[in-house]
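Open your viewer, load the model and keep the selection panel at hand. We will go from stop to stop, and at each one you will find something to select and something to look for.

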Amino acid sequence: MPLVKAKKHLGQHFINNDQLAKDITELLSFNKDFQILEIGPGMGVLTKFLMNVNINFKVIEIDKESITYLKNKYPDFKENIIEGDFLKFDLKKNFKSNISIIGNFPYYISSQILFRVWDHNEKIQELVGMFQKEVADRIIALKGRERGILSVLIQVFYNVENCIDVSPENFTPPPKIQSSVIKLNRNNRKELECSKKLFKQVVKTAFNQRRKTLRNALKTYNIKKDSKVESLLSLRAEQLNVEDFIKITKHVEAIL
Ligand code: SAH
């Protein structure tokens, strides 16, 4: 069977190391209550190890050539292949139960995938994914310069863990960057104690002017002097943890 020709615009860097692929899949909990969804199976290097555990899971792939390859190679698996774009895929409608997501994600949509995880946190219980190392470092950063909007949004609902650092020669073609596999595990927070929409907006606003103190960065919210959150306002966004952002959002919500 001819191999799939790697397409740059789809972020295709195929894992060429079976042991690595196996190690990645073994990071999943295989909890029977969670249905597994693999994003971007390509030629199925992760998929085949998942099949060894259980054939009842779904994959979503945008590339027609990869889909044809998978259908020919794994005819019994045909029904489990969803043809389409993960970013447009309706998770709520298509999955009744909770899900675990896994993938060697195409780098060009890695942030969008993470924003979808934020949107669907009540459904997505676990995620094991390959990211550009820089993005992975942001997600797991608990404080400091690497922190960004996605660090905060993901850490609201997930415990984060760096699992495997991966160098370029493990992919065909090799990317120009280092990669890391990280794992997200849904924490115990049921929902936010403040508006989710406003929380995201406050975090974004704070990080959009990350060099400024929050007093300046969050000017548009007109937080009064000597308010309850005064002590936080002299800090910069990267110095705040999730709870601090919740406090500020609750305060802003009350004065809106
Ligand atoms: N899992 C394979 C392929 C990884 S490359 C391996 O590790 O070797 C990334 C894969 O994501 C490619 O197969 C690419 O076609 C697919 N992909 C890219 N954009 C996508 C999207 N929006 N939705 C679903 N799959 C996508």
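The tour goes from the sheet to the helices on it, then to the ligand and a few individual residues.

**Before you start**

This is a predicted model, in which local features need pLDDT of at least 70 and side-chain atom pairs count only at pLDDT 80 or more, while totals for chains, interfaces and linings use all residues. Residues are numbered from 1 along each chain as its sequence is written, and side-chain values use heavy atoms, with hydrogens and water left out.

**Stop 1: the sheet**

Please colour the strands. Strands (E, at least two residues) and helices (H or I, at least four) are DSSP runs, numbered from the N terminus. Seven strands form an open sheet with mixed pairing, in the order β4-β3-β2-β5-β6-β9-β7. Its edge strands, each pairing on one side only, are β4 (81-83) and β7 (158-166). From one strand to the next the twist averages 20°; axes here are lines fitted to C-alpha atoms, for helices over the stretch in contact, and angles run from 0 to 180 degrees between N-to-C directions.

Two strands count as paired if DSSP finds at least two bridges between them. Strands of a sheet pair through backbone hydrogen bonds, either parallel or antiparallel. For a parallel example, select β3 (residues 58-61), which is joined to β4 by three bridges. Within this pair, V59 stands opposite I81 of β4.

**Stop 2: strand β9**

Now select β9 (179-186). How many bridges join β6 to β9? There are seven, and the two strands run antiparallel. β7 also pairs with β9 in the antiparallel sense, over eight bridges. Seven of the eight residues of β9 are buried (under 20% relative accessible area; exposed is over 50%, partly exposed in between, with a 1.4 Å probe and protein chains only), so β9 is largely enclosed by the rest of the structure.

**Stop 3: helices on the sheet**

Next, select α5 (residues 110-119), which lies across β2, β6, β7 and β9 and runs at about 165° to β6.

**Stop 4: the ligand**

22 residues surround the ligand, and the closest are Q12, G40, E61, D85 and N104.

- A backbone N or O atom of G40 is 2.9 Å from a ligand nitrogen atom.
- A polar backbone atom of F86 is 3.0 Å from a nitrogen atom of the ligand.
- A polar side-chain atom of N104 is 2.8 Å from a ligand oxygen atom.

On its own the ligand has 570 Å² of accessible area, and the protein covers 99% of it (Shrake-Rupley method, 1.4 Å probe; for residues, only the protein chains shown count as cover).

**Stop 5**

Is Q12 buried or exposed? It counts as buried, at 8% relative accessibility. The side chain of Q12 makes a polar contact of 2.9 Å with the side chain of D63, and a polar atom of the Q12 side chain lies 2.8 Å from the backbone nitrogen of K7.

Leaving aside neighbours within four places in sequence, the contacts of Q12 include E61, S66 and P173. Move on to P173, in the loop between β8 (171-172) and β9. The peptide bond from T172 to P173 is cis, with omega near -10°.

**Stop 6**

Select E238, in the loop between α10 and α11 (242-255). E238 is buried at 11% relative accessible area, and its side chain joins that of R210 in a polar contact of 3.2 Å.

D226, in the loop between α9 (214-217) and α10 (230-233), has phi near 45° and is exposed at 68%.

Definitions and conventions: Contact = heavy atoms within 4.5 Å. Near = heavy atom within 4 Å. Polar contact = N/O pair within 3.5 Å; in protein donor to acceptor, adjacent residues only side chain to side chain.
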